[in-house]
Amino acid sequence: MALQGPIPVTYAMVFPHGCYVVGTVEPVKDFDASTNGRFVQARDKQTGELVWQVAVMDGDPTLKPAQKTVAVKILAPVQPVPPAPIQGLPFTPVEFDGITVTPYVNGNGRLAYSIKVREMRAPHQTTQPAQGKAGKDAA
């Protein structure tokens with residue numbers, strides 16, 4: 001089978017309604033290498049990059065409240081910085097690039113997905129064309 005390991009996907013496939021940062025970017029703990037009182041940050045098994053994590057809220061209005069928040073792991077040599085907050089919004093919109101998902105069976109025996117990304121950034125602006133005076137008069 002040609003498909004092995006993490007599955008590359010697009011942002012629109014994972015978050016078609018967008019997503020919002022609802023937590024801070026934190027290092028992921030390597031539970032095997034860390035000892036009592038000594039924190040060791042996890043590294044990605046495929047790339048060797050440091051692993052960071054941020055909680056995001058999925059913008060899908062059909063999700064149940066318990067399904068809305070998901071952890072996204074970011075592979076980066078230094079701690080990523082979320083986009084700047086937008087005045088008037090309670091949460092900061094965010095987009096990701098270089099996304100992969102890895103399916104696994106969680107502790108409850110249900111299918112779940114680990115989401116890893118290479119970059120976190122502000123969403124591309126989608127603006128409506130401004131109507132000029134001629135557009136108003138024509139209406």
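1. The largest nonpolar core comprises 21 residues, and F15, V54, V56, V72, F96, I99 and I115 make the most contacts inside it. Such a core is a set of buried Ala, Val, Leu, Ile, Met, Phe, Trp, Tyr and Cys residues joined through side-chain atoms within 4.5 Å. Two or more residues come from each of α1 (11-14), β2 (19-21), β4 (51-58), β5 (69-75), β6 (92-97), β7 (99-105) and β8 (111-117). The greatest contribution is that of β4, with 3 residues.

2. The model is predicted: local features need pLDDT of at least 70, side-chain atom pairs count only at pLDDT 80 or more, and totals for chains, interfaces and linings use all residues. Numbering starts from 1 along each chain as its sequence is written, and side-chain values use heavy atoms, with hydrogens and water left out.

3. What does V54 touch, leaving aside its neighbours within four places in sequence? Its contacts (heavy atoms within 4.5 Å) are V21, G23, T24, V25, V70, A71, V72, I74, F96 and M120.

4. The protein chain holds 3 helices and 9 strands, taken as DSSP runs numbered from the N terminus (helices H or I, at least four residues; strands E, at least two). Their order from the N terminus is β-α-β-β-β-α-β-β-β-β-β-α. Of the contacts with a separation of 6 or more, 60% join residues 24 or more positions apart.

5. Of the 139 residues in the protein chain, 31% are buried, that is, under 20% relative accessible area (1.4 Å probe, protein chains only). The chain exposes about 9,800 Å², 56% of it supplied by carbon and sulfur atoms; areas come from the Shrake-Rupley method with a 1.4 Å probe.

6. The largest pocket contains about 730 Å³ of space. A pocket is an open set of points on a 1 Å grid over the protein atoms alone, where a 1.4 Å probe fits, with protein on both sides within 12 Å along at least five of seven lines; lining residues have an atom within 4 Å of a point. Its lining has 24 residues, with Q67, V70, A112, Y113 and I115 nearest the centre. By class, 15 are nonpolar, 4 polar and 5 charged. The largest share, 5 residues, belongs to β8.

7. The second largest pocket holds about 400 Å³. Among its 16 lining residues, A42, R43, K45, K73 and K116 are the closest to its centre. This lining has 5 nonpolar, 3 polar and 8 charged residues.

Notes. Buried means under 20% relative accessible area, exposed over 50%, partly exposed in between (1.4 Å probe, protein chains only). Grid points are joined across faces, edges and corners, and a volume is the space filled by probe spheres set on the points. Ala, Val, Leu, Ile, Met, Phe, Trp, Tyr, Cys and Pro count as nonpolar, Asp, Glu, Lys and Arg as charged, and the others, Gly among them, as polar.
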